[in-house]
Amino acid sequence: MKLKIYQNELDVSEFIEKDYECLLKEWMQIREQFPLARLYKDSVCVQNDVTPKTRQDALDLLNADADYFVVCHAGAALPAWAIWAALAVSVAVSVYAYMNMPKVNTGAESSGSSNNSLSQRQNKHRANQRINDQYGTVKSIPDLIAPVYRYYKDNVQVEECLLCIGRGYYEINPDSIKEAETPVNTIEGASISIYEPSYSLVGASPQIKIGEAFEEYPLVAKQISSIDGKQTLLSPNSGELKYKFVSFSDNKVAVTNGVQYVNTEWTWSYITSTFMFKPDNVYADFTSKFASGEQIIIENAIFGSVNDSTISGTTDVDTAGILTIATSIDINNPNYFKKIRVVSLLVNDATAGDLDLAGEYKVDSIVKSGSSGAWVYTVTLNSNFGEVNPNFTLLSADTSGVLSGVLTDNDNNIDLSGTYTIASVSSNEITLVNPATVNSDWNRLGELTSQQVNDMLNRAVTFKGSSENFIGWYYGGNKDTTGFILNFLAQNGIYDGDRAKQVAIEVHYQQVIDGVPTGAIHKVGSTMQGTASNRNPIGMTIKQAFSFTGQFRFRVKRINDNGNSASLVDDVVFESAYGYYQTLKSWYDDVTVARLKRLAIGSGTNASELNMIATRKLYSYSTGVQSASRIATNNFADIVVDIATDPYVGRMQLSEIDVQSLYELSDEIEDYFGTSKACEFNYTFDDKNSSYQEMIFMIAEAVFCTARRENGLHYFSFERETPNSLILFNHRNMKPESLNINDLFGIQDDYDGVELKWHDPSDNYAEAVIKLPDDLQTNYKTIETVGVTNPLQAHFLAWRVWNKLRFNRKAVEFTAYGEADLVTRKDRIALVDSTVPILCSGEIEQQDNTVLTLDYPVNLDPLKQYVIHLQLKTGVVDVIDIVQQIDDFRVEIARIPLMPLVVDGVAHATFSITLATESDFDAYLIEEKDPSATFESTVRAIQYDPRYYSNDKDHINELI
């Protein structure tokens, strides 16, 4: 272990070399003789300076085990600014490089939060986007966590939503929760519950509850897009033709060729002043609706003169299908009637509630009893009565009601109506397959009289198809699906004049495995009940849980027919379908969520705008320690600390933030402007590409600051009028020949005003604009603010921009060395207005302490002062005064370089020599700073003027 001692720093050949056993002892002896001596390890350079500064530094020399060098007349340590410049990256840097930042998404893009949008605000899905990070007070329009799903309850369409308000905790005024502009607590049937992070979505008391409580976990429902509300459920008998001049013989039904009259409508004739028969002229064409092998329903094919009989009265209803009717109506031979058409029979069941048993039923028997004026008819319905009206199957016990109906299909008539199979078909004739086996009246055709045949020709006979008219199969669901929700809608009601009607629906569904239908086909169904003469929409939902989990297929059909009356209204559409499963997530960590149930709004599931005024609750450190609980705040100091320590954003420790200075600065800004409004920040961060640096930058801009990191601590620097410049830039820390100065005549870019945009809470957080100096200019400089939601803050920002445009008369641009990393935007600097040419440049051949050997000859004037610019191996440029020129190739410098110079190998350290000039300087305000090379920055600045801040006291002076 060697110790070299240089007593003459100008002559490296003069040194003493010795071995040492205790370096501390040797060093103390040297320091007594040479108080300005400095100690270096391995080589002589600033980077290797280990001169003890503390007691611990001295004790460390006891364990020294390397070669050391002593320069006896090295002088004092380097000036502070030189050390800062060399270590600028690690010791003092700006948090951000403003001009290199990507433009932050402010909500205009479709992926952005509606909180930041100025139009089309609605609750929407933002898949794979950033969860809202709301800070301060904002109008919150929550995002959808799961798809909205709809269903009918008590004939009203309801939709349920699960929404995310944002990360963290919020203070929310229940009265501010609205659907668009309507308070939710005034909307009938609406319910909303808001849950703080880690709170159960059911059971536990939510933070806010309006309306009914949610007793079950949310469903995750995915709409099946194949169902679009345009599929109409056709009745099983939708193929229909009606003809007169119909004849029956054996197993044939024929229509006389020629024009057929099927309409019995009469119209008033103004020519003859009488009612005239108005026929519909159609030609027979059975082939347009029917085909061989299909079934056909024939109605109103009745020969005879016995009319139908009306019946009404109080009726006991037996669940076995027996109607006991008490009435004053006397009907001859009622046992000859084989059908009863129940127009109205409303009953109440203890379990199922109100039921309407209307329908046309076949009758097994009718027994008449009683006496004049008090007759009782016991009507036993055919065993298929439950298929005619499924409401019968819902009865849990015998009941009673008031019946209004008609007895039809009398045995004294020959009624060929029924459902038959077609053997063959032509345009005007259908041959049936053994119709007598279906209806024995076909065997009575020989009993017909000529009068009955002629009467039949004038009767309109109806022919209907008997297909099932399925809608589907459709496929839906995923591996987690456990059920479906199907919605049906009769937009105009279900009725026939003053008679209520029904539509019965049946659903078939089957499991699908790997795209292949597998297993049994399951059936489920329900009935939509109409109201007489009521055109109000009727909706119905069939919700079915599966006995399996996974994909499925389904189809739907209507299973009843209400006839073809001109007054019949019973169109039903398949409105929507969902596959669902119950969420497995019973709470959400670090996220405030809302559950909403309300009347369905709009035609789509994303057309609503649930909104509320929410203020983020954060811990405060204003007292120096964390507050006992979170508080609602929009103060930037609270927000910066939270973002910096957020494990997903800043990921810093509290010790890395100058917390005290942030709160002191907040108080300073409030005192300076005379209002706490100047310290507010209210914004929703929603861009997943926004970095911590960008977020901090936006906050700093809103509160008139720049963000810094120094000595490992983050803090804000307040831009205000100041008499002091932070750094002087001259030939020592500026790249030679890089300075450009522009004198401005008039306002830059011919701007004649400033328009600053901000969000106004008093106007539904719409965009507000401040125009300076007035509203009459044509070329405004537009400023888009972020996080500004009060007029005072917007006023101060707008006037600062306008004043800088008005009073700036000089702009500069130059390249600075590493020392430029000590300053950033909004900093005041001093700048020497001079341009220094390079006199000589080349490479360093050799370094002997402070003597440098150059590869290029120099000729310096001894009466002038020069500096040498040395490019170090890290990219830093070290600028050092030249003491003297020793010979043509050697110069002595005022101090040793900051780092060892590269003098071996192919590439040597480069140098340039310039004249050291001293002149007056001007004050400037940095506007932009870009890295241009390693440890070099391009700085753009405007001339400093205290008038930039002349409107900062407008609130204090009661001007606003």
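**Entry 1: rings.** I'm working from a predicted model, so I keep that in mind throughout. I looked up the ring cluster, and ring pairs link Tyr-474, Phe-484, Phe-488, Tyr-509, Phe-546, Phe-548, Phe-552, Phe-554 and Phe-574. Searching the whole structure turned up 37 aromatic pairs. I picked out Phe-554 and Phe-574: their ring centres are 6.2 Å apart and the planes stand at 75°, so I noted the pair as edge-to-face. Phe-554 belongs to strand S45 and Phe-574 to strand S47 (residues 573–582), so I jotted down a link between distant parts of the chain, 20 residues apart. I checked burial too: Phe-554 has 0% relative accessibility and counts as buried, and Phe-574 is buried at 0% as well.

My other pick was Phe-636 with Phe-716, which is stacked, with 5.7 Å from centre to centre and 5° between the planes. Here helix H7 supplies Phe-636 and strand S53 supplies Phe-716, 80 residues apart in the chain. Phe-636 is buried at 0% relative accessible area, and Phe-716 counts as buried at 7%.

**Entry 2: the sheet.** Which strands go with S45? I found an open sheet of four strands, in the order S38-S45-S42-S43, with antiparallel pairing. Strand S38 (471–476) and strand S43 (516–529) are the edges; each has a single partner strand, so one side of each lacks a neighbour in the sheet. From one strand to the next, the twist averages 20°. I then followed S42 (residues 502–513) and S45 (residues 552–558), and counted seven bridges between this antiparallel pair.

**Entry 3: the cores.** The largest nonpolar core holds 62 residues, and among those with the most contacts inside it are Phe-636, Phe-685, Ile-699 and Phe-716. Helix H10 (residues 791–807) gives the largest share of this core, nine residues. There is a second, separate core of 27 residues, including Tyr-474, Val-503, Val-524 and Ala-577. Going back to Phe-685, I listed what it touches beyond four places in sequence, including Arg-130, Asp-133, Tyr-135, Ile-643, Met-695 and Ile-699.

**Entry 4: helix H9.** Is H9 (residues 692–702) mostly buried or exposed? Nine of its eleven residues are buried, so the rest of the structure largely encloses this helix. Among the buried ones I wrote down Tyr-692, Glu-694, Phe-697 and Ala-702. The cover over them includes helix H7 (636–645), strands S51 (683–685), S52 (705–710) and S53 (713–718), and H10. After H9 comes Phe-704, with a positive phi near 70°.

**Entry 5: strand S14.** All five of the five residues in S14 (residues 191–195) are buried, so this strand is largely enclosed too. Both faces are covered: Ser-191, Ser-193 and Tyr-195 lie on one side, with Ile-192 and Ile-194 on the other. Five bridges tie S14 to strand S48 (residues 591–599) in antiparallel fashion, and Ser-193 has Arg-595 as its partner there.

**Entry 6: charges over rings.** Lys-4 has its charged end over the ring of Phe-15, 5.1 Å from the centre. Lys-368 does likewise over Trp-375, at 4.3 Å from the ring centre.

Methods. Residues are numbered from 1 along each chain as its sequence is written. This is a predicted model: local features need pLDDT of at least 70, side-chain atom pairs count only at pLDDT 80 or more; totals for chains, interfaces and linings use all residues. Side-chain values use heavy atoms; hydrogens and water are left out. A nonpolar core is a set of buried Ala, Val, Leu, Ile, Met, Phe, Trp, Tyr and Cys residues joined through side-chain atoms within 4.5 Å. Buried means under 20% relative accessible area, exposed over 50%, partly exposed in between (1.4 Å probe, protein chains only). Helices (H or I, at least four residues) and strands (E, at least two) are DSSP runs, numbered from the N terminus. Contact means heavy atoms within 4.5 Å. Two strands pair if DSSP finds at least two bridges between them. Axes are lines fitted to C-alpha atoms, for helices over the stretch in contact, and angles run from 0 to 180 degrees between N-to-C directions. Rings of Phe, Tyr and Trp (its six-membered ring) pair if their centres lie within 6.5 Å; planes under 30 degrees apart count as stacked, over 60 as edge-to-face and the rest as tilted. A charge sits over a ring if NZ of Lys or CZ of Arg is within 6 Å of the ring centre and within 35 degrees of the ring normal.
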